[in-house]
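Please examine the structure shown below.

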Amino acid sequence: MIYSALSAVSSPERTQLRQWWNEPIGKVPPVLALTGEATSEKVAILDDFVLATVTANRTAAPEARINWARLYADGSVASGGDEPLVSLERLLAATLPGSAAEPAPYRPVRILLVDDYDALVAGQASQALRLLQAMVGGDRLDRAGLRVVVGAVAAPVPGRAVPVPYLHPRDDLIQRVTAWATDPRDEPILVVRGRPGSGKTRLLTEAGRRLDRRDELRIAFQLLRDPVLPKPLGITELVAGFARAIVTEGVSFGDVRAQPFLLANVQVGSAATVIGIQVNQVTLPPSSATMSTLRAELEARTAGGRATMPLLLIIDGLNELEEAGGAAVDELRAFLGSTDELIRWNVKVLLSTHSTPDFPAAVIDLDDVGLDDVRSYTLARLQARGIPDAIATALATRVVELSGGLFIVAAGYLDETRDVPTDDLTTWLSGATPVAAATDYFVGAVRRLLTRIGDSPTPGAAVARVDTERFLRILALTPTGMTSAELGAVWRAEAVGLDNSPPHSSSWDHVSATIGTGAERRYIAPPDDPVAGRFRLLHPTLREALLRQPGGRGVDGRPGDSLEAPYEAISLAAERRRFLAGLTPIHGRGPGWDPDTGRLALAEVVPVIHDLAAQVLAVEPVNEAALAECHELLGRVLEDWEWMETCVRHVRPTDEIPLGVGVVVDGLARLVRLPGLDTDTPGLWTDGRWSDERLVEEAPVRPTRRPAGGTAPGPGHARAARTAEPRYLSVETPSGAELVSGFERRATREKALARLHHIVAGISRSRSLVDDDPDTPIVWIRGYAITPAEIQQGYRGQYARLSVRELPDGAWTIHVDKIDVELSRHPDRGRPARPHPNWGHPVLRRTENHPHQNGKPGRRYSSLALAQAELEQLKREFPETSILNEGLLFIMVFDRTQQPPIRRVRLEIRATGERSYVIVARPNEKSGTVGG
């Protein structure tokens with residue numbers, strides 16, 4: 001049976017299975033064995049593979065569809081055909097000697113999935129024998145285009161083996177979750193709470209699988225923490241899930257009715273903005289993909305008497321989502337706070353988090369469940385190795401003691417000791433130290449791994465140890481992981497700021513080909529695509545362990561253990577400096593700020609500087625030279641406007657690494673809050689190239705109004721400069737963003753007032769609003785506090801009154817209070833949409849040969865993609881009057897100085913040097929001009 005809401009979690013085993021399946025025939029063995037103890041995870045992996053195959057077959061041409069069959073442990077069969085047994089027989093017959101010859105395909109076109117070969121041997125011996133005879137004929141399998149995935153304790157035939165970790169079922173907890181989900185009288189929200197590593201994600205994953213198989217409820221949406229393919233919380237996807245669930249009931253959502261389909265997909269346009277959501281073969285416009293629409297549809301469902309079946313929302317890792325922040329998390333929190341509405345709508349929410357929730361909810365506290373679950377899990381794994389019950393019971397008691405009740409720690413010890421002889425297990429475990437947190441375990445586990453690699457008699461063991469240590473440490477620098485190219489750039493870079501002595505490690509070419517093949521592979525989540533995908537660490541607590549500073553505190557507040565590098569050249573500080581040198585232009589050695597290939601550097605440059613500064617400040621006495629280096633690095637980032645501009649202009653919220661104003665503000669806010677770091681210290685623009693007034697956005701120049709019969713004001717007139725060239729604050733400038741976000745801080749009231757006066761000194765002020773008190777001025781701020789509805793009306797900013805206020809910690813800040821003023825009194829208002837741009841359009845102003853800029857050079861772009869994005873922006877804004885090609889745009893431009901005023905223009909991208917491109921504007925003489 002195929003279910004509609006199977007877990008979307010990835011894993012290294014799933015990744016290896018997909019990579020094996022996608023390889024051409026002859027490149028890999030045709031049989032892949034999922035080895036290890038019998039576990040529901042093997043069944044889940046095959047469930048996900050079948051679901052992906054069925055989904056692909058729905059849209060594939062008939063000749064490209066995959067013929068599949070699945071043989072369950074009890075001998076029953078499922079397939080993509082109408083007669084599963086016939087499908088199975090055909091697959092097996094294709095491998096028999098003398099079967100009808102077919103042209104050997106380039107890629108596999110058939111697959112047989114076997115849940116449990118050992119169970120077949122015990123209960124279906126004849127079927128198991130036929131299967132074995134088919135699997136031993138590797139050449140025949142290749143000729144038939146057939147591959148076999150078989151679950152077994154050990155691989156039954158030579159081929160590829162993928163070990164699958166044993167996952168404990170935790171049936172008692174699953175039953176508690178199921179009872180809550182199916183009881184309308186229970187709380188609408190259930191929170192699974194527990195320390196990192198207590199098994200929250202696995203519990204929610206298994207609960208979701210089992211609940212999806214029940215007929216009395218429907219899972220609408222689930223977001224599970226995934227180390228391989230992490231997904232941000234997306235409101236559009238959440239609404240899409242509920243839409244799919246509601247449409248499946250045969251009712252409408254967003255004024256559209258459709259027949260049920262298997263999956264929900266989100267379409268994304270070229271500018272990474274949602275242009276439509278495909279749900280059950282129905283397209284919802286973005287206006288329907290909002291929480292307000294969802295609330296209205298749930299209310300309508302209830303009012304119509306259709307809310308008889310519970311709709312379930314599953315969100316894993318709420319604490320991590322809240323740490324990341326964002327509008328989507330705020331909307332989710334508001335949804336969770338609507339307890340009465342959730343009850344009325346018959347919506348259930350299953351969450352996991354580290355802490356006790358601050359909203360009404362039922363709670364399963366994994367820290368209070370006791371040690372029985374960990375004990376039974378450990379005992380099952382030890383017994384599966386063939387260890388006698390009495391010895392296994394004693395060993396399980398010791399592992400539980402060492403783990404502190406954490407599944408991830410117990411699993412870690414069992415994985416570490418997989419190859420330790422049974423007679424030596426007691427001695428090995430007696431030398432380990434009990435831990436209170438998963439981070440403490442991983443510090444010891446990685447140290448043992450490195451020691452074992454370094455002590456190996458294999459030639460080059462010392463270098464292999466350094467390679468492994470560097471790889472894990474570099475991978476820990478960012479929470480999003482790194483691609484092979486990013487890892488290589490950091491690996492090869494010079495650690496600017498040290499004595500520049502190189503680390504004693506292998507070349508990146510050697511490391512990239514060999515890393516992950518040894519014992520360290522259990523700590524790494526490899527990507528599907530080893531070139532473009534991101535390598536990640538398997539768990540956040542492993543990253544915490546690799547980043548823990550010497551002298552850092554453990555969970556109990558006492559000094560915690562840490563991984564100290566054997567020498568400075570491979571320390572955390574050295575790798576952070578290499579990140580800055582290899583991936584950013586700060587030192588003039590790395591690539592420029594690129595929103596396509598350099599999003600990791602754009603998003604993480606300030607956090608890496610923060611972590612480097614925190615590392616310096618954590619050691620007493622503080623190394624003043626190293627602290628000055630951090631100030632200099634910060635100054636270089638802030639002086640480079642291109643970093644901020646690129647982050648703000650290329651948000652792409654659906655990208656794996658989103659950017660935006662929030663990235664800039666959040667990164668700088670962390671630095672401001674870092675104790676001991678004076679963010680006013682960096683001397684910015686000391687060469688006079690910039691001044692504070694450049695922090696204020698310049699508005700478009702408007703003509704000076706002259707009194708009737710009079711003359712223009714002279715240069716000494718106080719209002720002349722402001723009238724000719726008005727200036728306003730903007731949330732898209734660093735000072736404006738800091739101001740409206742509340743991060744402006746000063747030690748005293750006098751300093752805060754001085755800063756306020758300095759900010760408004762060059763600001764254009766309203767002559768129609770009362771503004772007498774210089775300590776509480778009224779200013780207009782572009783982009784501040786405007787709602788989507790106001791944007792449609794033409795609002796581009798809001799008026800606000802500024803004042804200084806004292807904070808609870810004694811510091812002073814500048815407070816911003818919005819003032820509602822009718823749109824007609826705003827200095828900058830939106831204009832009605834026009835079919836043609838004029839030469840004042842931002843993209844056209846940046847072109848070469850602009851007819852009204854007196855030969856001013858056009859903007860240089862660091863990549864062809866950036867220049868192409870400008871042309872695409874014009875195409876999106878003026879689709880009816882433009883024709884777009886690669887590197888070329890034909891568009892009609894309005895120019896009031898010409899007759900006729902509408903002209904055909906050709907915009908062409910040209911290379912002006914290495915990594916330098918310009919957009920050249922020329923009249924489209926071939927087509928002539930068009931009258932208005």
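In this predicted model, S198 touches R170, L366, D367, L406 and F407, leaving aside residues up to four places away in sequence. S198 itself is found in the loop that runs between strand 7 (189-193) and helix 8 (200-212).

Is S198 buried or exposed? The relative accessible area of S198 is 2%, and a residue counts as buried when this value is under 20%; S198 is therefore buried. The side chain of S198 also reaches the backbone oxygen of R195, at 2.7 Å.

The sheet may now be considered. In general, the strands of a sheet pair through backbone hydrogen bonds, in either a parallel or an antiparallel manner. Here, six strands form an open sheet in the order 3-2-4-5-1-6, and their pairing is mixed. Strand 3 (77-79) and strand 6 (160-163) are the edge strands, each of which pairs on one side only. From one strand to the next, the twist averages 15°.

Strand 2 (residues 67-71) pairs with strand 4 (residues 110-114) in the parallel sense, over five bridges. Opposite W68 stands I111, in strand 4.

A helix accompanies these strands. Helix 1 (residues 12-22) packs on the sheet, where it touches strand 1 (31-35), strand 4, strand 5 (146-151) and strand 6. The direction of helix 1 makes about 160° with that of strand 5.

Conventions:
Residues numbered from 1 in each chain as written. Predicted model: local features only at pLDDT ≥ 70, side-chain atom pairs only at ≥ 80, totals over all residues. Heavy atoms only, no water. Helix = DSSP H or I, 4+ residues; strand = E, 2+ residues; numbered from the N terminus. Buried < 20%, exposed > 50% of the residue type's maximum accessible area, 1.4 Å probe, protein only. Polar contact = N/O pair within 3.5 Å; in protein donor to acceptor, adjacent residues only side chain to side chain. Contact = heavy atoms within 4.5 Å. Pairing = 2+ DSSP bridges. Axes fitted to C-alpha atoms, helices over the stretch in contact; angles between N-to-C directions.
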